[in-house]
Amino acid sequence: MSDIAIRVKNLKRHFGALKAVDDLSFEVPRGSVCGFVGANGAGKTTTMRILATLDYATSGTVEICGHNVINAPTQVRSLIGWMPDDFGNYENMTILEYLDFYARALGYQGQERMMRVQEVMEFADLLDISDRMSNKLSKGMTQRLCLGRSLLHDPEVLIMDEPAAGLDPKARVELKNLIRILAEEGKTIFISSHILSELGEMCDSLLFINGGRIVHHGDAESLKHGSDHAGGVFYDVQVVGEARALADWAVTSPYVELVDERKRGGRIRIDSNEPEQAAKVLSRMIKDGLQVVEFHKEQRNLEDAFIDILGQIDEGQVPQVSPPPLPNQRAKETANVEVNQ
Ligand SMILES: Nc1ncnc2c1ncn2[C@@H]1O[C@H](COP(=O)(O)OP(=O)(O)OP(=O)(O)O)[C@@H](O)[C@H]1O
């Protein structure tokens, strides 16, 4: 059995002249969670719909657990759970009736069907509200119902398009916990989201796309670390007083970047992970008459990393696409380290 759950090779999807997906190649190892990140219109939904056998590629191949989505769509559908960003619903159906309807459509009968429905209602915390009308639910309940529906046939691979969009913080945490449990059960999860901080916590790897092309594939830590000399670490310094003076000072100072200019004062960033370097810059600021009111060390977050990567592309630098090792390779590497110690 292949270690790869999702294999995408040179995938293109063009709508007339628009290259919605433009030569994507990537792999998602079995049992891992991969976050799919991109700005609006980057090509995420188009890619996910092709993976879910709902659209055709212009060219390229997609395999789910070794099955080609074009040649073997039925096998692929039995292996995937699809959670679309736009959840279709029916009137006059309770949660129970809704899930039962889908369980029937999937071919479950009798006792087994009842068990499947009960199981997913229990998992998605829907048991107590099973008699609620399915089209009159809160956004959080609706997403849990959609997740429940996608799990009815116990799929190996879950493809989730923006499942956390529009959820309040509590509902987001609940959904995140459910996804974590599914990941611990060994399911492969391919999930898109705009909330990068949350994705970073739950994903083994993050796949950034822009304009239909992959611009980075790596784990959250390596992304935060980045390729700069300071390893993504910087000092944030806030100053009050005349804003122009700070801006002029920043332009002529090494390691310093003006990040925010306000009516009175602003903020600069010292791009260094060496405390001595930061101390030198700070003492120079004081000596030059700038009024420092606050400073602290920070690690670049995923939003910053994404923006940095997009900036590098704008400057014409070649995007870095470096997939992280497979989970079993990671395990082997760890074992080697232990053996070698
Ligand atoms: N059926 C279609 N016909 C024409 N253009 C389309 C079609 N579907 C998508 N597009 C275009 O393809 C591009 C990628 O769209 P897609 O929905 O995949 O982006 P996305 O990354 O999912 O964006 P969002 O985060 O806003 O959902 C967009 O420019 C979109 O307008």
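**Fold, ligand shell and sheet packing in a predicted model**

Among contacts in the chain between residues at least 6 apart in sequence, 68% join residues at least 24 apart, two residues being in contact if their C-beta atoms, placed from the backbone, lie within 7 Å. The structure is a predicted model, in which local features need pLDDT of at least 70 and side-chain atom pairs count only at pLDDT 80 or more, while totals for chains, interfaces and linings use all residues. Residues are numbered from 1 along each chain as its sequence is written. The C-alpha trace of the chain spans about 80 × 55 × 40 Å along its principal axes, and its secondary structure comes to twelve helices and 14 strands; helices (H or I, at least four residues) and strands (E, at least two) are DSSP runs, numbered from the N terminus. Of the 341 residues of the chain, 34% count as buried, a residue being buried if 20 or more other C-beta atoms, placed from the backbone, lie within 10 Å of its own, exposed if 12 or fewer, and partly exposed in between.

The ligand is surrounded by Phe15, Leu18, Ala20, Gly38, Asn40, Gly41, Ala42, Gly43, Lys44, Thr45 and Thr46, where a residue is near a molecule or strand if its C-beta atom, placed from the backbone, lies within 6 Å of it. Two or more residues of this shell are given by each of the elements β2 (18-29) and α1 (44-51), and α1 gives the most, with three residues. By residue class, the shell divides into four nonpolar, six polar and one charged; Ala, Val, Leu, Ile, Met, Phe, Trp, Tyr, Cys and Pro count as nonpolar, Asp, Glu, Lys and Arg as charged, and the others, Gly among them, as polar.

Strand β2 also belongs to an open sheet of four strands, in the order β2-β1-β4-β5 and with antiparallel pairing, two strands being paired if DSSP finds at least two bridges between them. The edge strands of this sheet are β2 and β5 (67-68), each of which pairs on one side only. Nine bridges connect β2 in the antiparallel sense with strand β1 (residues 4-15), and Arg7 stands opposite Glu27 in β2. Helix α1 packs on the sheet, where it touches β1, β2 and β4 (59-64), and its direction makes about 120° with that of β1; axes are lines fitted to C-alpha atoms, for helices over the stretch in contact, and angles run from 0 to 180 degrees between N-to-C directions. In the loop between α1 and β4 lies Thr53, a residue other than glycine whose phi has a positive value, near 65°. Thr53 counts as partly exposed because it has 19 C-beta neighbours inside 10 Å.

A second open sheet contains six strands in the order β6-β7-β8-β3-β9-β10, with mixed pairing. Because β6 and β10 stand at the edges, each with a single partner strand, one side of each is left without a neighbour in the sheet. Neighbouring strands of this sheet are turned by 15° against each other on average, direction ignored.

Helix α5 (residues 139-151) has 13 residues and reaches 18 Å from its first C-alpha to its last, close to the 18 Å expected at 1.5 Å a residue, the expected span being 1.5 Å times one less than the number of residues. Its buried residues include Leu145, Cys146 and Leu147, and the buried residues of α5 pack against β6 (80-83), α3 (95-105), α4 (110-123), β7 (157-161) and α6 (169-184). The loop between α5 and β7 holds Asp154, which has a positive phi near 50° although it is a residue other than glycine; Asp154 is exposed, with 12 other C-beta atoms within 10 Å.

Ile209 has Ile214 of β10 as its bridge partner, and in the hairpin of β9 and β10, which has two residues between the strands, Gly211 takes a positive phi near 55°. Strand β10 (residues 213-218) is mostly covered, as five of its six residues are buried.
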